[in-house]
Amino acid sequence: STQSRSSAASDVYKRQDLICIGAIFGAAGLRGAVRLKVFTEDIKSISKYGPVTIIGSEFPQGKKFDLKILHNVKDGVAVQLKNVVDRNQADSLKGSKLYIERSALPEIEDERDFYFEDMIGLLVKDKQDDLFGRVDGVFNFGAGDIVEVKLSKEKGKRMYPFSDNVVPEVNVEEGYIVIDRDAFNDTPEDFEVDQEG
C-alpha cells in the first residue's frame, strides 16, 4: 500500500548509517547522465566510496548505483549512473538524493573534526551567545563553503561563508555553532523587516 511505502521511505531518511552527499536536479545530455548538486567538499572522492544509494520518488526504499563523474556543469557536476541509459530515466530521478554509507567514509581521527552533514539542524548563536537560527544546509558552489541559516528572529534564510573568522566555533556534541555576525557585517538593516509584526 502507499501508506507503507511512504513510512518506509521516511525510515530510510532517518537512517543514521547514511550521509546525504548530493541531489539530482535534472538530466545532462541524452544518454542518461544526471546533473548533481553536491553537498560534500570533495566531489572527486565520491566515486571512491563505492556505490551510492539513491532515494526519491522512483526508489523510496533506496537503490544502489555505481557512478562515474563526467564533468562540471552549472551549479554542480554531470554524473553517469550505471544502467541509467536515456534521458527519460535521468529525468525521472530529478529531486532524488544521493547517499553514501557513513562506514564508507574515512574515520575522523581528530574529534574536533566532523562531517558537514552533522551540522544540519544545529542551533546558531552569535558571539553574544544569543540564538538566532538553525543550520539549514552547507553548500559549496565552487568559491568556498557556505553555511545557510534559517533565521528565527528575522525572516528567511541567510548564507554565511564557512570560514574561521565568521564561524569561529562548531560544537556538534552540544548541538550548536557560533557565527560572528559582525565579521560578516550582518546587521538587521540587511533584512526586510515586517513592520506589521
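Is Asp126 buried or exposed, judged by its relative accessibility? At 13% relative accessibility, Asp126 counts as buried, where buried means under 20% relative accessible area, exposed over 50% and partly exposed in between, with a 1.4 Å probe and protein chains only.

## Basis of the model

The model is predicted, so local features need pLDDT of at least 70 and side-chain atom pairs count only at pLDDT 80 or more, while totals for chains, interfaces and linings use all residues. Residues are numbered from 1 along each chain as its sequence is written, and side-chain values use heavy atoms, with hydrogens and water left out.

## Surroundings of Asp126

Asp126 belongs to the loop between S8 and S9. Helices (H or I, at least four residues) and strands (E, at least two) are DSSP runs numbered from the N terminus. Leaving aside neighbours within four places in sequence, Asp126 is in contact with Phe132, Val178, Ile179 and Arg181; contact means heavy atoms within 4.5 Å.

A polar atom of the Asp126 side chain lies 2.9 Å from the backbone nitrogen of Asp130. A polar contact is a pair of N or O atoms within 3.5 Å; within protein, one must be able to donate a hydrogen and the other to accept it, and residues adjacent in sequence count only if both atoms are side-chain atoms.

Two strands pair if DSSP finds at least two bridges between them.

S5 is joined to strand S6 (residues 76-81) by 6 bridges, and the two run antiparallel. Within this pairing, Val73 stands opposite Gly76 in S6.

## Nonpolar cores

The largest nonpolar core holds 20 residues, of which Ile24, Leu36, Val52, Ile54, Val79, Leu81 and Leu98 touch the most other members. Such a core is a set of buried Ala, Val, Leu, Ile, Met, Phe, Trp, Tyr and Cys residues joined through side-chain atoms within 4.5 Å. Two or more residues each come from strand S1 (18-28), strand S2 (33-38), strand S3 (52-55), S6 and strand S7 (97-101). S1 gives the largest share, 4 residues. A second, separate core of 15 residues includes Phe132, Tyr160, Val167 and Ile177.

Beyond four places in sequence, the contacts of Ile24 include Val34, Leu36, Ile54, Leu81, Ser96 and Leu98. Ser96 itself lies in the loop between H2 and S7 and is buried, with a relative accessible area of 1%. Not counting residues up to four places away, Ser96 touches Gly22, Ala23, Ile24, Ile54, Ile55, Gly56 and Ser57.

## Positive phi in two loops

Asn83 has a phi near 75°, a positive value in a residue other than glycine. Asn83 is placed in the loop between S6 and helix H2 (87-92) and counts as exposed at 62% relative accessibility.

Asp129 also has a positive phi, about 75°, although it is not a glycine. The loop between strand S8 (123-125) and strand S9 (131-140) contains Asp129, which counts as exposed at 52% relative accessibility.
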